[in-house]
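Hi,

Here is the structure I promised to pass on.

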Amino acid sequence: MTVQHRSLKKKKNAGRTSKLPALLLLAPALGFLILTTQVPFIMTIYYSLFRYSLVDPFKRPFIGLENYVTLFTDPLSVPVLLNTLVLVLSVIALTIIFGAALALLFNRPFFGRSVARTLLIGPFFIMPVITALIWKNSLLNPVFGLFGMASQALGFEAIDWLAQYPMVSIIMMVTWEWTPFALLILLTSLQSLPTDQLEAARLDGASQLQEFWFIVMPHWTRAFEVVVLLEAIFILQIYGEIYIATSGGPGLATTNLPFFIFQKAFGEYSIGMASAAGVIAVVIANIMTALFLRLVNRNATLEVKS
Amino acid sequence: MIATKPPTYPWRTAKNVALALLAWVIALTFFFPIAWMISSAFKTENQAFATPPVIIFQPIFDNFSLAFAKYGPALKNSLIAAIGSTLLSFLLGLPAAFSMVFYPNSRSRSTLLWVISTKMMPPVGVIVPLYLIFKDLQLLDTIFGLTLMYTTMNLPLVIWMMHSYLSEIPIEILEAARVDGASLQHEFLRIAMPLAAPGIASTALLCIIFAWNEAFFALNLTNVDGAPLSVYISGFKTTQGLFWAGLSAAATLVILPVMAFGWSAQRQLVQGLTMGAVK
Amino acid sequence: MKSKVWIISAGLVSSAAIAALATGAFAQSPVTVTIATVNNSDMKTMESLTNVFEAANPSINLKWNVLPENELRQKVTTDIATGAGSYDVATIGTYEVPIWAKNGWLNSMDALFDRNASIKASYDLADLLTPVRLGLSYNKNLYALPFYAESSMTFYNKAAFAAAKLTMPVKPTWTQIQTFAAKLHKPQNGFFGICLRGLPGWGENMAVFSTMVNTFGGRWFDTNWNATINSPAWNSALTFYVNLQKKYGAPGATGNGFTENLTYMSQNKCGMWIDATVAAGFLKDPRQSKIVDTVGFANAPTGPGTPKGSNWLWSWSLAIPKSSKVSDAAFKFITWATSKEYIALVAKTNGTWASVPPGTRASTYANPEYKKAAGDFAGITLDSINRADPTDATKDPVPYVGVQFVGIPEFQALGTQVGQYVAGALAGQYSVSQALKLGQTAAEKVAKEGGYKK
């Protein structure tokens, strides 16, 4: 998605001088978004300054930044933030690795390819709540789950996944959900690879590895960016899978920031605290995006130079 | 596709067969949990958790007849919310993206970043303010209110993705049209839109999937009249009693329409992504 | 079964419609009563009887919002707290009723009974079981009517007990339970000694674990609101619980709630299970259970501290939020759904008395047909409910009301947090003392920030 920044620069001079129609085209969308997101967001900031319990209408004192101070000084916030990062980063890494491998595999013509591809994309169409229920009940449960049954049939002890490896379980689940997404984008990108480049490389006697490294990988850079940015935004918000599968536990093992906010809001009805954590989540997401875009921009510039 | 036809050696064929097999095995593995769930929909609650698992059984349809009872209204609401919010998002988002790409100003980039940032608030962080607003505007439990919510959710995605697709259109095409004195409408409708069509198709598919699968806003902002399929599906879960077979039937009914749609649109999606940002 | 209900009720509808035509009752336009309820089987039966109620009350339409317990709780709370008024009837539990009544969110039942003299005459309030009724009162006023009530008890697999030559006493102790579990536990055969909730949550693992704390002699707070989670009683209760579950429990314990344990028990994979009395009905239902003929019932186990508070008390009750604009119609509905006649109607429609909503009325337990159908567990359920006293559930006195909970708004959060630590101890993430230390800190914070500790 870096394209946009470069193209903006390029097209600046091409733009017409009259700004009015352009503004008219832009205004409805921005107006809608401002109304529907900024009004609740400002209210959220406002609530974050109160000790606001939903179930106690009599005590709602203004406490300034106390909610923020509590969140920043609570030692439990550290594992929550770490869990959030671990989940986002590992799912992105895994979906990219699996997605890339599968894209290479599915780029080769073979019998029934489109049917197989369709089956492979299936998980992306499943509601997160159902995903979590399928995994918890039919796969991960050490007695009734198929993983447990399979490992026992092979003579191993069944693993109690959600208790022994809770974060790994959640990562597996979310990776299953999002790998099809990465696959789709990477496969598409691969299919648009200009054939002349490959042919030229082959004529030069490039090995398959060289072909992959010097032609496919650079071509994929932008597709990676799409996957990373979109997945980051969505996976930073994941809570449904956690809610169903582990309730954020055992202990705090799978509590990420969105689930933490969910707990504050609906477990404790502590709307003030949930609002403060929500504001922090927005700030964190913004910082991550800015860092990522800067990183990508630098690479993109290098790419252009070389 | 790679045009060079490699000479056929036996080991090469063997390798191709092996890779094809591998691809099929992986595809079936990925789909297996879904298939297993669908098969549970035809079992009794007792069979659904039997160990060893019941593979051959007399299928029953009780779960489906129960699941069908409340399916209709929820399906209708889901269709309205998913398609309505997608249309609305494009109605608002396409012109905006067009404007930002072809009539950029110094603030376009920060505007675009701001648009993305509106997606960063975890929904549960804003639910109480939203509830109060919906209450005051009498939007609670209306499919219109939910459609607005999903538009808010999908609009940044549309602007963002369409921005990148439109950026791929060579500026020369537009400049040529401008020299010919094309109007703004002409530029937008006759030049930009046709070139961005595949991108529109693929973005629309993503929007529909996200709206179809959204549960949090649906669960909290609708009760009965405006409730879509994600609320319907929650009605099959219970904390007291066995529900897996019944829920599987309902879940099958919920995923079928979106999967059918997704599969038929897959070609479009692939084509769209090819044309656009990830070229 | 479903279609039969439909035919019966369709018949009732048409006859009522004719009656209504004859009397010209169609003049008034019907009001809609929106009901939020939990997705448990008794409530689903209630929903399926909509037609019967509407036929008898042509001026009232019923609209149902049926969700799982937690989703419903978060939704109804948001709705009532913001005064949105989406619901005319809300299904809430023993924990919420007094707190919500105190907030001024609920209509007083006494006032509504006074306003509707004919309903008051026929309803027979005195028939409601006393502990259940007291649990739904605040300042001596009743704020909800119980739809069904439950306590906790022990379920066991008679076949497994016979094979191991064991006998379950009517009133077992936790020590006995552990001895039995050790002998029944055969993980290599996929059979486990005991099933207990481990899924973290104030209404999940903490419901069971709090009764253990009570009967081991512990309490959440002393009379001055000093948190007492670091006490020896808590320590021995948690040590016992963790040890029992780790050694003889079903796997996946930290993910197991009622439903998961019901699956183990009904699939003949568990020797014993201590949970809500309503499970008895499920375990006796051949569509859901493989141990219909071999399931046995006993009281909830007691510990070394005190027999008090060893079994919990919970009722799912129907309340009318203040924000409802049709409180009289709503009242008509909830008095119907909690009446003796409704209970008889369920028995008639389902064809068995075993599946009527239990635990609310003395008359149900005096009914010979109910005794015949639910004889195995009816007595224990009734005794358990009558024994559960929310005002006296601990060895030492406490400043709060509640058996398996502390009746303050903050408990939902505190219980869930401590529940996470208990699950953490079970999963081996924390030691018992670490978990209790974390819990103690959390409880101290609640006492201080809630303004309880002076």
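This is a predicted model: local features need pLDDT of at least 70, side-chain atom pairs count only at pLDDT 80 or more; totals for chains, interfaces and linings use all residues.

Let's start with chain A. It has 14 helices and 0 strands, so if you read along the sequence, you just get one α after another: α-α-α-α-α-α-α-α-α-α-α-α-α-α. Taken along the principal axes, the box filled by the C-alpha atoms of chain A is roughly 80 × 75 × 30 Å. Of the 306 residues in chain A, 51% are buried. I also checked the contacts in chain A between residues at least 6 apart in sequence: 69% of these join residues at least 24 apart.

Next, where chain A meets chain B. The contact uses 89 residues of chain A and 85 residues of chain B. On the chain B side, which helix gives the most residues? That would be helix H1 (residues 10-40) of chain B, with 15 residues. Sorted by class, the side of chain B that touches chain A has 61 nonpolar, 19 polar and 5 charged residues.

Chain B also has some layout of its own. It is divided into domain 1 (10-61) and domain 2 (63-275). The centres of domain 1 and domain 2 of chain B, taken over C-alpha atoms, are 32 Å apart. Where these domains touch, domain 1 of chain B puts in 11 residues and domain 2 of chain B puts in 10 residues. On the domain 1 side, the elements that give two or more residues are H1 and helix H2 (45-48) of chain B. H1(B) gives the most there, with 3 residues. By class, that side of domain 1 of chain B has 7 nonpolar, 2 polar and 2 charged residues.

Now for chain C, where I looked at a few spots. Is helix H11 (residues 205-215) of chain C mostly covered or mostly open? Mostly covered: 11 of its 11 residues are buried. The buried residues in H11(C) include C:Asn205, C:Phe209 and C:Thr215. And what covers them? Among the elements doing so are strand E6 (145-157), helix H12 (232-248), strand E8 (270-276) and helix H20 (411-427) of chain C. After H11(C) comes C:Gly217, which has a positive phi, near 95°.

E6(C) turns up again in a strand pair. It pairs with E9(C) in the antiparallel sense, over 5 bridges. Why is strand E9 (residues 295-299) of chain C described as largely enclosed by the rest of the structure? Because 5 of the 5 residues of E9(C) are buried.

You'll find it in the loop between helix H16 (340-350) and helix H17 (362-366) of chain C. C:Trp353 counts as buried because 21 other C-beta atoms lie within 10 Å, and the cut-off is 20 or more. Leaving aside neighbours within four places in sequence, C:Trp353 is in contact with C:Ala347, C:Glu369, C:Tyr370, C:Ala373 and C:Ala374. As for C:Asn205, back in H11(C), it is 148 residues from C:Trp353 in sequence and 31 Å away in space, C-alpha to C-alpha.

Cheers

How values were computed:
Residues are numbered from 1 along each chain as its sequence is written. Chains are lettered from A and ligands numbered from 1 in the order in which they are written. Two residues are in contact if their C-beta atoms, placed from the backbone, lie within 7 Å. Helices (H or I, at least four residues) and strands (E, at least two) are DSSP runs, numbered from the N terminus. Ala, Val, Leu, Ile, Met, Phe, Trp, Tyr, Cys and Pro count as nonpolar, Asp, Glu, Lys and Arg as charged, and the others, Gly among them, as polar. A residue is buried if 20 or more other C-beta atoms lie within 10 Å of its own, exposed if 12 or fewer, and partly exposed in between; C-beta atoms are placed from the backbone. Domain bounds come from an automatic or database domain assignment. Two strands pair if DSSP finds at least two bridges between them.
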